[in-house]
Amino acid sequence: MIPWRALQVVAAVALIACIDLALKATPVRGDDWNAGRLLYAGSGMVTALTLFALAAIGIGQRRLAERLAAIEQALTRRE
């Protein structure tokens, strides 16, 4: 489970970096509007969210495998 959690940490750091980049593309933290930088930040956010989804799928598969093993063990005890 630790590698999946590490992937979630990487995704969180990437998402924070992309939000910072997006803010720097606006007058809030930057000089003026920068469409190229904003698009680049948006594509990075999609990638970061994909990493979150992959980690969630991996964690879910691991939990499913543990649950299936417990069910199999319970069935073998009955026999």
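Predicted model: local features only at pLDDT ≥ 70, side-chain atom pairs only at ≥ 80, totals over all residues.
Helix α1 covers residues 2–24 and helix α2 covers residues 35–78.

| Helix | Number of residues | First to last C-alpha | Expected at 1.5 Å a residue |
|---|---|---|---|
| α1 | 23 residues | 33 Å | 33 Å |

For α1, the distance reached is close to the expected one.

**How they pack**

The axes of α1 and α2 come within 8 Å and cross at roughly 165°. Angles over 145 degrees count as roughly antiparallel, so α1 is roughly antiparallel to α2. The crossing of α1 past α2 is left-handed. Sorted by class, the residues in the contact of α1 with α2 are 22 nonpolar, 3 polar and 4 charged.

**Buried residues**

In α1, the buried residues are Ala-11, Cys-18 and Ala-22. Helix α2 is included in what covers them. In α2, Ala-41, Gly-44, Ala-48, Ala-55, Gly-58 and Ile-59 are buried. Helix α1 is, in turn, part of what covers these residues of α2. As background, an α-helix has 3.6 residues a turn, so residues three or four places apart point the same way.

**An exposed position**

Val-13 also lies in helix α1. Its relative accessible area is 53%. Exposed means over 50%, so Val-13 counts as exposed. Val-13 and Ile-71 are 58 residues apart along the chain, and their C-alpha atoms are separated by 37 Å.

Conventions
Residues numbered from 1 in each chain as written. Heavy atoms only, no water. Axes fitted to C-alpha atoms, helices over the stretch in contact; angles between N-to-C directions. Helix = DSSP H or I, 4+ residues; strand = E, 2+ residues; numbered from the N terminus. Parallel < 35°, antiparallel > 145°, perpendicular 65-115°, else oblique. Left-handed = near helix turned anticlockwise from the far one by under 90°. Nonpolar A, V, L, I, M, F, W, Y, C, P; charged D, E, K, R; others polar. Expected span 1.5 Å × (residues − 1). Buried < 20%, exposed > 50% of the residue type's maximum accessible area, 1.4 Å probe, protein only. Contact = heavy atoms within 4.5 Å.
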